Amino acid sequence: MTMPRGMHALVLVTAMLSLAAFCIADGSFVFLSCSMVAAALSGVLAQGARPKRLPTIVAHTIIATICAAAAVVAFIAGRPPDIEHVGLLCGTALVVKLFARHRASDERHVLALGSILFLVAALDGTDVLAGLPLIVGSLLLPVCVSAAWVQSSTERAAAAHGSHRPVGSLPVSFEPTAGASPMRCWTGFAIASVIVTATCGVIVFVGFPRQGLEGEAWNRTRAGGFSLRVSLATDERIEDARTEVMTVRWIGPDSLSMEHNEPLHLRGAVFDRYDPISQSWQVPQHPRREYFEGVGAAFVPFVHEGIDPRLQVYKQVVQMRGLATNQVFSVLAPIAIQAADGMTVALDQSTMLLSSASSRIGEFDRYAVSVKPYASDRDMATLSGGTVEPGPMPTFPVDAVKPLALELWERWKPRGRSVPDFDAAALRPLARWERNRAVATALEAALLSGDFRYTTDLGSIVRRRGEDPIVNFLMSSRQGHCQYFASALCAMCQSMGVDARVVAGFIALEYDAAQLQYIVRSSNAHAWVEVRTGDAQWTTFDATPPATLQALQAEQRTWADGLRWLWDPLNFAWSRHVVSFDGEAQTELAERMASTREALSRPVRAVLDALEAIRQRLVETFSGMVGSLWLASIGVVLVATIVVMALLRARRRQTTPLVGRSASPRERELARHYMDALRVARRRGVVRDAGMTPLEVVARLSVESPEAAMHLRSVVESFYAVRFGGRPATAERCTAAARSLSALHRARTP
Amino acid sequence: MRRRLSYRPAIGGLVFVIWVLVLVMAVVWRPSNLLIWVMGTAVGMIVISGLSSGAMMMALRVRRLAPSDARVGQPLVLLYEVRNTSWLWPAFAVSIRESALGSSQGWLVSVGPGERCVVELAWWPERRGEVELEHVIAQSSFPFGLVGKRVTWRKRATITVLPRVVRIPAPRLRALLDHGPAGQRAAARPGHGEEFFGVRDAPELTSLRDVAWRRSASREQLVVIERASPSYPRLRLVLNLSEPTDSLAGRVPAGVKARQREEDAITMAASLATSAIALGHEISLRVHGLPCVAMPAAGGVRHLDRVLVQLAKLDLDAPRTTPMVSVPGDERSASVVIHPGRIDPSVGGAAALHQSAAQLPGLASWKGTEP
């Protein structure tokens, strides 16, 4: 393959990778398929045997028209184009440019557009399908740019060459007839550049300080639909991917795997305060953490007394598949955990949340938690570390919620039985817990009544500037996803003085009866509410319509789910090692490297000790005059061997440009004789200048010594007959050349 | 041979810096590990650029092959032997240029490790004279065009740019040579060289036609006839540059530069000399007003080269002298006196043909370049 064809192919591949990365990251699969077909077509049409290229002026006109149309549309819409639209524009321009590739500058334009697409893909994508083309393409990009640079120099050389050549003269090839071809030289460079780029990419990826970047933005990158923050500020469509996050085996008290009588609410995060400025829920301020060390196969109880482990105790065995996190997902209330030796688990007694405390990435790939789904108030108090104070009645910071809550309460409050009022609840804890339950039940019923619609696409919701999203959900839009339903319920409860909190995690709906386990997907990420119904007792209230969740689950089921066993491990590895590589992971990696260095230094130290012992023994053996002589002789032999080997290698390297790497030993021998003969001529004062043929050297040497010239001619003719004449390098020819060379050495000047 | 490495900013480098800044802003604005990876590859590109281009340029050795004389209006191809002394790194996309030759540059697409190749640099000289070549510059922005790296070698050489030569049609030249009393006596063909001069021993490979058979028979030894050498028609060129350029400026028509007229006169002399040599004439040259070696009458390409070199070396800024040297009479020579401005019949004698530089367009066919 020649240099231009190789470059065209590489640029086309890189362009297709950039299109794929962008389209997958953006979810534009129609554009992906169209652009891929167009790109492949451009490879056939514009770079085929009879290329039919789009004229540059036409291509630029098309691109300018598209840009102008996009600008007009953006002006009419009244908002600037977002990054996805920029990506679509660049992708379209790239496809058009692919049909107009003619010179190296066109290739550079394609690469520039491709790099913008890579940037957009990196901004938007966390999926492995977007990430892999991006990584491969970003490694190929420097290679392509360098190839375009070489091609550009070829074009300039041709232009400079044509400036002083007559019109109509034969085209000049810049591929040298001898030595390494540009393609071969450049291939070596390309491989080296890919290695260096990958190394630098890995070093920067691992070493880039992420501590200052952690928080809201960084958590976005954690794949799997679960987030450590519930924010209502964005109107983006929530993730509905079918990626398998984990499998959960639910084992009943009789030690048999079973399906629970209701969906499992696997808790991952708890939020008890709403921040109206950031429009998001905040985690509790004062966690009370207890730490427990794993002991292998045995369960480590969180409390040793006060809870009967035989009564209504279930076990959930979790196998993580597509989510790398330190959170331990568990049903309320966990009472014991099974973790590997040396693993530390933290239990937050205020929220009953579990997490890994040893900050190892994906440490809990597989764990088992012993839970009591129907734990009594006493059990919960025991787990919470003793007596829990009732505390003050909560309030909600957005005043507009309370009238709405009261209105719904009036409509949906239980008829026929009395509910303690606010003042009574403030005075007596029992009345407070009873009122909490009644209010939460009524408001949950109101949200489940059908007046509110579940949707994952919030793009159509219109919200006034400064309007709180919860108020908007309750008053005007009345549609949203689970976070809106949970936020609304929690907000209304808190505004009426009810202790409530939002919980985020996963809801396990899909039970695989063949495997006897729940399959939890990223689309099962869920939010619900827990209301305090005892001193330490919290009851789950889920305001999201369960029928809707079931229907969505059924709708999203496709034939591709059958192949997920193949895909999900890759996605999990990607998510675990790439997407969620954060500051904690960096710290952990540094610790691992330190321990590895320590482990590696031990054998090195052992080798050094062994060498020291050998040195001591040598000193003892070779002491004295005789020993020194022995040592000196060995040293001389060693040095001589090294020098001879280096000389042989240098000679071999010298002959390579003459006969190529694939030459036979006899051809190399002839080339050596040829070079030696020219060297002898040089010693006799006949220096071969560039552009001087060997026979000219012979002619000049014949002035000084006709005899030497005759022998030189013999050697040169032998070599040329093999190198350029297609004659075989026979032993006789080699012997004759060697004889002529020795005669050349002996030849005298008259 | 002194070598110096220097760096020059490039447009590509500026674009790349903007690209990296955009990346950094994107990482701060919307942190993502993929963005950090892309930033890492950008750092990799910087490392590759620094490593490869530095190693590549420092391993190059450039040698200018002996330059020949140039001619105004015709390209001079300078050759450079480029050697890559590195055993590992190939070199790509290197441009070679001369500091004294402006923007003309030759391009080297690639040279493998330990290999050498020859690069052509085409230069179009615009004025005659001597050009001092001092520095050979190898420059490259490979692999990404971020920074231009330049290695400079100090290698001195001189190129003589011969005057422009225009084609004078042979009939017109013959008419010119036959003009005047002296010109009419100048033979149109070589002659007077076939007379018997003597005999001598025959050297090897003697033509049978030259053997004097009778003498050989009488001497019993092979002898050949030696004839007198042929004599060719002669053209004496006299270039009258005795009038300083400033005083000439007042005599040329408006819109015409006096210096250009002087150059045209030199061009006319060079063209006449070249055309006459092509016709087999002998030429001599004498320049009035400027220090110049008087060239005796002789024929052949080498003599023509010497004449053209003398014309190329004429320094029109030098002070003019006014010796009125008359052309010696020679019954076999035609004399042509060339004046940059108005014809001065006192120079060159009555038998000479006087030509003004303004007659050059009419004398020559401008479509061709060289006879």
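How many bridges join strand β16 of chain A to strand β19 of chain A, and do they run parallel or antiparallel? Select residues 500-508 for β16(A) and residues 525-532 for β19(A): seven bridges join the two strands, and they run antiparallel. Bear in mind as you look around that this is a predicted model.

Now widen the selection to the whole sheet. It is an open one of four strands, ordered β3-β16-β19-β20 in chain A, and the pairing is antiparallel. At the edges you'll find β3 (264-271) and β20 (538-541) of chain A; each has a single partner strand, so one side of each has no neighbour in the sheet. From one strand to the next, the twist averages 40°.

Time for the cores. Colour A:Ala21, A:Leu117, B:Ala269 and B:Ala273: within the largest nonpolar core, which has 144 residues, these touch the most other members. Stay on A:Leu117 and look past its neighbours within four places in sequence: its contacts are A:Ser18, A:Leu19, A:Ala21, A:Phe22, A:Gly87, A:Cys90, A:Gly91 and A:Leu94. Another core, of 87 residues, lies apart from the largest one; A:Ala339, A:Val498, A:Ala500 and A:Ala504 are among its members.

Now bring both chains into view. Across the interface, 52 residues of chain A are in contact with 42 residues of chain B. To see the chain A side, select the elements that give two or more residues to it: α5 (104-124), α6 (128-163), α7 (182-207), α8 (216-219), α16 (564-579) and α18 (624-659). Which of them gives the largest share? That would be α6(A), with 17 residues. Colour this side by class and you get 35 nonpolar, 15 polar and two charged residues.

Last stop, chain B. Pick out helix α2 (residues 33-58) and find B:Gly50 in it. Is B:Gly50 buried or partly exposed? It counts as partly exposed, because it has 13 C-beta neighbours inside 10 Å, and buried would take 20 or more. Finally, draw a C-alpha to C-alpha distance from B:Gly50 to B:Phe142: they are 92 residues apart in sequence and 9.8 Å apart in space.

Methods. Residues numbered from 1 in each chain as written. Chains lettered and ligands numbered in written order. Predicted model: local features only at pLDDT ≥ 70, side-chain atom pairs only at ≥ 80, totals over all residues. Contact = placed C-beta atoms within 7 Å. Nonpolar A, V, L, I, M, F, W, Y, C, P; charged D, E, K, R; others polar. Core = buried A, V, L, I, M, F, W, Y, C linked by C-beta atoms within 7 Å. Buried ≥ 20, exposed ≤ 12 C-beta atoms within 10 Å, placed from the backbone. Pairing = 2+ DSSP bridges. Axes fitted to C-alpha atoms, helices over the stretch in contact; angles between N-to-C directions.
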